[in-house]
Amino acid sequence: MDVKSEKPHAMDFSSEKIAMTEDTSFQTVQDGDSVRDLEPIDPALEKRILRKCDLRVLPVLAVLYLFAFIDRINIGNARIQGLEKDLGMSGHDYNIALQVFFIPYILFEVPSNICMRKVRPSTWISGIMIGWGIVTVCQGVTQSFAGLVICRTLLGVFEAGFYPGCIYLITMYYKRHELQTRYNLFFTMGVLSGSFSGLLAYALAKMDGIGGYNGWRWIFIIEGLATIVLAAIAKFFIADWPEQAKFLTPEERAIVVRRTREDMVGAKMDRLDSKARRRIFFDWKIWCGAIAYIGSAETGYSTAFFTPTILKQLGWTSVKAQLFSIPPYAMAAVVAVTVGFLSDRLRHRYTFSIIGICINTIGYSLLLAQTHVSVAVRYVAIYLIIVGGFIYQPLILIWLQNNLGGHYKRGVGAAMQVGIGNLGGIVASNIYLADQAPTYPTGFGTSIAFQWLTALALTAFLVGLMRENKKREEGARDYRYNLTKAEQENLGDDHPRFRFVY
């Protein structure tokens, strides 16, 4: 149901020629051919190009995402190694240190993606990564709670552009039903960061006393230095926009652009004028996707920040808690990749998302009743929460991207969804209260509520997409063909020929 029969005045474009300037700007040269007039793409050539993209776009970003997420959540590992005691923290100070990260993180995501549209992604992504690597090192040498808060705030500024920027960049290389599998492979590195972070923290904590620094300081210092070095090297390997990709020949660049534009069926938005801004910022789909992502982010950050603490409160030592936080993330990685593959093959997102939410809810329910279950069952609950959350979080992001059309619409839409959705991170930072340990009724109960907020938002999203497709089939949006040619060519997914997917 993605494509409708051709309408009069359908937008023409061809990606057979790509014009690029010496700087970062670029444009697609249109030669007047419509999509139906182009020669079919050779399947063998198309497969070869996809393989190239898979090898050059995804692996570098995935490794960078691993380090990004480690730098964001390593405070949870540092906490159980003595961070609070050394910095004189008490009460809700830890929650405050978590919360301040999200304020700039939310505010700077949209501006960052707009900037990345005008700058080469390789330059932008590596630059902000060096910035947060430096801040991570500073967390390891700060001598006060105030210093930690400043560092966490700056970390939010620099990390704001990374995740939505990666989503934006990846979506420009693939068709809609090629995206979920590939995005989940990228996303899996974030999942594995929970596992790798625990293992790394266990190793770095052994440096306790070296140079007069306690073990938790070395967690920040070594991981921050590694990020800086990796970012400097990655500048030369991160893919730029398809029209700028040096690893592709001019013919291959043209085919990548053509494939994605044909898949989007008339949806184009290459100008950020006043009408385009209205279409972006008042699009119900973006707001619905953002609300859905709030619940997803809440459970993601809850597990990242508090899993080591919860495991330690099962009566385990800090070292054992670090090590036993690894297996649930490893399983979640396998499940996430499998679900992504099935979702693309079946061309469906909604049902998989609801299944993930149900699994997640069972896990939280077991922890709510933890005084009546064994330690083993509580550990299984951690598995269910992490696996369930990492089933539906990537689905939510790609499902929205599948239904946004045009360069700016996708870029700003991704940033808005992730930015607004990270309000869930603020929630997660404030619901696991120290005076409620180890049962955390507020934390677990609130998490269940937010999962079903996500379920409601996804259901509304599904119904809205189905309703809009029906209207377009009935011709209720054909009045847009009467707009000027310039406006028709910048409608994004509001173009009458575009069809939404579920």
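## Burial and helix 19

A residue is called buried when its relative accessible area is under 20%. The model discussed here is a predicted one, and in it the buried residues of helix 19, which spans residues 423-431, are G424, G425, A428, S429 and I431. Among the elements that cover these buried residues of helix 19 are helix 4 (93-107), helix 13 (284-312), helix 18 (407-421) and helix 20 (441-473).

When its neighbours within four places in sequence are left aside, Q393 is in contact with Y163, F187, Y293, S296 and G300.

## Aromatic rings

The count of aromatic pairs in the model comes to 27. One of them is formed by W132 and F162, whose ring centres are 5.4 Å apart and whose planes stand at 80 degrees, so that the pair is edge-to-face. This pair links distant parts of the chain, since W132 belongs to helix 6 (residues 121-141) and F162 to helix 8 (residues 162-171), the two residues being 30 apart. W132 has a relative accessibility of 0% and so counts as buried, and F162, also at 0%, counts as buried too.

## Salt bridges

The model has 22 salt bridges by count. In one of them the side chains of R176 and D263 meet, with a distance of 3.7 Å from N to O. Because R176 lies in helix 9 (residues 176-204) and D263 in helix 11 (residues 250-264), the pair ties together parts that are 87 residues apart in sequence. Both R176 and D263 are buried.

Another salt bridge joins E487 and K275, whose closest N and O atoms are 3.0 Å apart. Here E487 lies in helix 21 (residues 485-488) and K275 in helix 12 (residues 274-281), so this pair ties together parts that are 212 residues apart in sequence. E487 is buried, with a relative accessible area of 14%, whereas K275 is partly exposed, with a relative accessible area of 40%. The side chains of R349 and D344 also meet in a salt bridge, at 3.1 Å from N to O, and both of these residues are buried.

## Cysteines

How many disulfides are counted in the model? The count comes to 0. C138 is in no disulfide, and the nearest cysteine sulfur, which belongs to C151, is 5.2 Å away; a disulfide would require the two sulfur atoms to lie within 2.5 Å. With a relative accessible area of 33%, C138 is partly exposed.

C166 is likewise in no disulfide, and the cysteine sulfur nearest to that of C166, belonging to C53, is 16 Å away. C166 is buried, with a relative accessible area of 0%.

Methods:
Residues numbered from 1 in each chain as written. Predicted model: local features only at pLDDT ≥ 70, side-chain atom pairs only at ≥ 80, totals over all residues. Heavy atoms only, no water. Phe/Tyr/Trp six-rings, centres within 6.5 Å; stacked < 30°, edge-to-face > 60°. Helix = DSSP H or I, 4+ residues; strand = E, 2+ residues; numbered from the N terminus. Buried < 20%, exposed > 50% of the residue type's maximum accessible area, 1.4 Å probe, protein only. Contact = heavy atoms within 4.5 Å. Salt bridge = Lys/Arg side-chain N within 4 Å of Asp/Glu carboxyl O.
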